[in-house]
Amino acid sequence: MRRSLLFLVLLFLLTVSVAFQNLLPGIPPSQERLQLLPVVFAFGVMALPLVPALWFAFLTAVVQGLALLQVQAGDAEMGLTLPVVFFLGWAIVLQMASEMTRGMRWELHALGSSLVTLTLLGGEFLVLCAKRGGVPWDLSVSLRIAVPAAAALLIAPLLYLLLRSLVPLVRGAEALPKQTGFGR
Amino acid sequence: MKKLQITALVALVVTIVTFCMFQAGTLLHLKSGFLGVLSPIARSGNAVKSGIGNLSKDLMTLDQLEAEYDRVLAENRRLRAENNGLRDLQQDNDHLRQVLGYRERSSFLLLPAMVLSHDAGVWWSTIKINKGSKDGIAPDMPVITDRGLVGKTTAVSRDLSEVMLVTDENCKVAAKVEGTKEQGICAGGRNPGGELQLTFLNKLADLQPGQKVYTAGVSGGIFPSGISLGTVKSFHARALDGEAVLEPAADARGLEEVFVVTGAK
């Protein structure tokens with residue numbers, strides 16, 4: 001019941017994050033956009049048990065895939081297969097990392113969010129290069145990838161603080177590292 | 001592993017395989033449904049954003065009035081505040097008259113729409129507008145402002161549509177250069193930075209900065225002829241053709257209202 005509640009809360013947050021990140025202004029000077037979805041995703045897959053985490057990763061992939069879907073001449077440029085592989089892969093990696101630290105930690109969540117953002121944007125760029133041809137890599141491309149990844153590192157602890165009270169309900173307090181302060 | 005977990009895992013695998021087999025048309029239908037889900041959140045978020053914007057405007061006015069308090073008499077301050085208010089109303093009035101005038105002057109049937117959000121996708125340039133299929137919008141309709149071409153509609157839900165901006169690499173428009181016979185293909189870059197590239201020009205074309213570029217309106221195309229795309233910033237010859245860099249006529253960053261071209265008058 002509690003797991004279902006967290007799952008539903010995370011699903012709601014996932015949908016809201018997609019709509020909300022569109023309303024946020026760009027980050028100066030080049031107006032890079034904040035990515036909230038990877039932060040919610042990283043929290044979800046680390047907080048949930050394995051099978052619900054995999055379902056959550058799949059739903060994240062569907063949401064991200066549909067949000068970015070562009071059909072050109074009857075062909076979907078970025079379908080659902082690549083996002084599904086990407087998010088399932090990261091879900092397994094983050095679950096393993098979470099197990100290794102005997103529970104979720106805010107540092108791990110921040111690092112995970114940043115890495116997911118970095119690889120998501122970098123991966124999208126490479127897929128587009130493979131599909132459209134050419135690799136026009138320059139400083140602005142690097143900034144468009146690096147700035148949202150760095151921003152995710154800063155935003156992640158805020159989400160962790162907001163939702164951490166829900167996590168022990170799911171994973172069991174005995175599985176969490178005994179720790180005081182910001183981490184649990 | 002418990003039986004329930006195995007069942008959930010098998011169900012996940014089956015769902016993934018099913019979703020990955022969907023064709024582009026099915027995915028576009030799914031996206032329309034997804035936009036329908038996002039619509040209330042986007043509309044509420046936009047309303048909150050506008051509210052916050054108005055609040056900050058009010059605070060700025062208060063700050064200005066406070067700064068003036070030290071310098072002017074109370075009566076003078078009241079009159080200045082009143083004048084500021086009237087000037088804002090005059091600006092709003094002028095803007096609305098301009099928008100209305102363009103709609104009436106235009107030779108197209110135009111449906112006004114409000115921009116709800118500028119999408120956060122890094123490699124795609126899209127916006128969402130507050131009109132959808134119930135207002136008569138369909139995919140591949142041109143979207144313009146009184147300044148020029150903005151883009152075209154892509155995914156459409158009942159009351160929300162996604163518009164691919166002309167600065168997106170995938171939004172290709174047949175274009176012609178004012179005062180010449182030069183025609184080419186205009187599109188944005190992979191890394192949307194606000195400029196347009198006009199390619200497939202004659203490499204000997206003598207284009208000068210400031211020349212205007214319009215849609216060419218090829219038969220069977222989406223965009224009608226004569227809509228402003230931008231002005232030439234620079235031109236250089238490549239190995240096989242010439243390429244011009246354009247400053248877009250309609251700057252997408254400050255867009256608040258647009259018109260969807262639903263047909264010709």
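Residues are numbered from 1 along each chain as its sequence is written, and chains are lettered from A and ligands numbered from 1 in the order in which they are written. Because the model is predicted, local features need pLDDT of at least 70 and side-chain atom pairs count only at pLDDT 80 or more, whereas totals for chains, interfaces and linings use all residues.

Q: How do you know what confidence the predictor places in chain B?
A: The term pLDDT is the predictor's confidence in each residue, from 0 to 100. Chain B averages 83 on this scale, and 84% of its residues score at least 70. For the complex, the predictor gives an ipTM of 0.78 and a pTM of 0.79.

Q: Why is B:Asp140 called exposed?
A: A residue is buried if 20 or more other C-beta atoms lie within 10 Å of its own, exposed if 12 or fewer, and partly exposed in between, with C-beta atoms placed from the backbone. B:Asp140 has 12 C-beta neighbours inside 10 Å and therefore counts as exposed. B:Asp140 lies in the loop between β2 (126–129) and β3 (142–144) of chain B. Its phi is near 65°, a positive value in a residue other than glycine.

Q: What makes B:Phe200 buried, exposed or partly exposed?
A: B:Phe200 has 16 other C-beta atoms within 10 Å, so it is partly exposed. B:Phe200 belongs to strand β8 (residues 196–201) of chain B, and its phi is positive, about 60°, although it is not a glycine. Over the 265 residues of chain B, 32% count as buried.

Q: How do you know that β1 and β12 of chain B pair?
A: Two strands pair if DSSP finds at least two bridges between them. Strand β12 (residues 257–264) and β1(B) are joined by seven bridges in the antiparallel sense, and B:Ala113 stands opposite B:Val258 in β12(B). Strand β1 (residues 108–118) is also joined to β2(B) by three bridges, again antiparallel. There, B:Ser117 has B:Lys128 as its bridge partner, and B:Val115 stands opposite B:Ile129. Strands of a sheet pair through backbone hydrogen bonds, either parallel or antiparallel.

Q: What makes the strands β1, β2, β5, β4, β3 and β12 of chain B a barrel?
A: These six strands close in the order β1-β2-β5-β4-β3-β12, with antiparallel pairing. Neighbouring strands of this sheet are turned by 45° against each other on average, direction ignored; the axes are lines fitted to C-alpha atoms, for helices over the stretch in contact, and angles run from 0 to 180 degrees between N-to-C directions.

Q: In what order do β6, β7, β8, β9, β10 and β11 of chain B close into a barrel?
A: The order is β6-β7-β8-β11-β10-β9, with antiparallel pairing. Strand β10 (residues 228–237) is joined to strand β11 (residues 242–248) by seven antiparallel bridges, and B:Val232 stands opposite B:Leu246 in β11(B).

Q: What makes up the side of chain A that touches chain B, by class?
A: The contact takes 38 residues from chain A and 37 residues from chain B. The largest share of the chain A side, eight residues, comes from α1(A). By class, this side has 23 nonpolar, ten polar and five charged residues. Ala, Val, Leu, Ile, Met, Phe, Trp, Tyr, Cys and Pro count as nonpolar, Asp, Glu, Lys and Arg as charged, and the others, Gly among them, as polar.

Terms used: Two residues are in contact if their C-beta atoms, placed from the backbone, lie within 7 Å. Helices (H or I, at least four residues) and strands (E, at least two) are DSSP runs, numbered from the N terminus.
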